[in-house]
Amino acid sequence: ANSLLRVENLQVHFPVLQGFLLQRTAGTIKAVDGLNFALQPGETLGLVGESGCGKSTTGRAILQLVRPTGGNVYFKGRNLAQMEGEELRQMRRQMQTIFQDPYTSLNPRMTVGNIVSEPLIVYQLAKGKEKQERVEELLKLVGLNPKFINRYPHEFSGGQRQRIAIARALSVNPDFIVCDEPIAALDVSIQAQVVNLMQDLQEELGLSYLFIAHDLSIVRHISDRVAVMYLGKIVELAESQTLYTNPLHPYTQALLSAIPIPNPEIEAKRDRILLEGDVPSPANPPCGCNFHPRCPYVMDSCRQDPEPFLQDVGNAHQVACHLVNSEQGV
Ligand code: SF4
Ligand code: MG
């Protein structure tokens, strides 16, 4: 009931345009197609799926950087999907984002001090000496030497640049951050450091994260719960521990079996589920269960019946698969 964020039937559909001057609508891309989930204060929800599944669009639609074509996004009980102008701008201050690529998300011509303080100026939160002190405090908070304040992004490593992006996001005291693959572009040796920093900051500041990744191994340790997305829909959502030890959707099982296990003995013994084919085009999704052309357990009903709903199977675990839902013996 006291969710920080509640997403209700969120949809982002784009028309596919065709013909001379693209004047004809030839179909619809359902990039995000009916998502429901909530996020509690201080919680991290991992959002995982292959590229093109709609996870970045989901993050952008929550922040209203892309306007949803359907559904509602409640932040602190207020519906952002119906908000505009100054009211929306003030809500957005509380919701920041960190992108995948610190190389392109930072303006190369601005000093670190100006990058980190820009949101403070935009929202008129601090100026002069107070602003300077706030920036130094933020740099320390993310583990950077405040003496670097007059340096430029190119003088930093990838991990340091992501720290600068985090400091910038934190400058306006947000409650919620969409982290869109924030460590995917970093060296493996640096990834853990940035994740640890984000966890420390979460504890210290009470932040909530939507942590987007294409790989289940990355979100494992940072997420309280994980949602797995396929072709614009959530196919499984559970507490992390449950999802990793008892994955029920064949797609989740396949994603998990693709993670290498460092121990060669276990690695040799376990069954791998190989996914056949590529992700189908969201402009022309398969009938029935969207996953059926790639599913190792496909049944006739998967092609013929309407697509499976995301259903509660107990233990705060939700799955959208005929196999699982029929086993519940409803
Ligand atoms: Fe596989 Fe059928 Fe379940 Fe879809 S509904 S995931 S095709 S078993
Ligand atoms: Mg993406």
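In strand S9, Ala227 is the bridge partner of Leu47. Strands here are DSSP runs of E with at least two residues, and helices are runs of H or I with at least four, both numbered from the N terminus. Leu47 belongs to strand S3, where Leu45 and Leu47 face one side. S3 and S9 run parallel, joined by four bridges. Two strands count as paired if DSSP finds at least two bridges between them. S3 also pairs with S8, again in the parallel sense, over five bridges. There Thr44 stands opposite Tyr209 in S8.

This is a predicted model; local features need pLDDT of at least 70, side-chain atom pairs count only at pLDDT 80 or more, and totals for chains, interfaces and linings use all residues. Residues are numbered from 1 along each chain as its sequence is written, while chains are lettered from A and ligands numbered from 1 in the order in which they are written.

How many residues of S3 are buried? Five of its five residues are, so the strand is mostly covered by the definition used here: a residue is buried if 20 or more other C-beta atoms, placed from the backbone, lie within 10 Å of its own, exposed if 12 or fewer, and partly exposed in between. Both faces of S3 are covered. Thr44, Gly46 and Val48 lie on one side, and Leu45 and Leu47 on the other.

Now widen the view to the whole sheet. Strands of a sheet pair through backbone hydrogen bonds, either parallel or antiparallel. Here eight strands form an open sheet with mixed pairing, in the order S6-S7-S8-S3-S9-S10-S12-S11. Its edge strands are S6 (95-98) and S11 (311-312), each pairing on one side only. Strand S10 (residues 233-239) and strand S12 (residues 318-319) pair in the antiparallel sense over two bridges. Glu236 stands opposite Val319 in S12.

The protein chain holds 13 helices and 12 strands in total. Buried residues make up 37% of its 330 residues. Of the contacts with a separation of 6 or more, 63% join residues 24 or more positions apart. A contact means C-beta atoms, placed from the backbone, within 7 Å. The C-alpha trace spans about 70 × 55 × 45 Å along its principal axes.

Two loop residues deserve a look. Gln124 sits in the loop between helix H4 (112-122) and helix H5 (128-141). Its phi is near 50°, a positive value in a residue other than glycine. Gln124 counts as exposed because it has 7 C-beta neighbours inside 10 Å. Asn173 lies in the loop between helix H6 (158-170) and S7. The phi of Asn173 is near 55°, also positive in a residue other than glycine. Asn173 is partly exposed, with 13 other C-beta atoms within 10 Å.

Last comes the ligand. Which residues are closest to ligand 1? They are Cys289, His292, Cys295, Cys302 and Cys321, among 13 that surround it. A residue is near a molecule if its C-beta atom, placed from the backbone, lies within 6 Å of it. This shell divides into 11 nonpolar residues, two polar and no charged.

Conventions. Ala, Val, Leu, Ile, Met, Phe, Trp, Tyr, Cys and Pro count as nonpolar, Asp, Glu, Lys and Arg as charged, and the others, Gly among them, as polar. Two residues are in contact if their C-beta atoms, placed from the backbone, lie within 7 Å.
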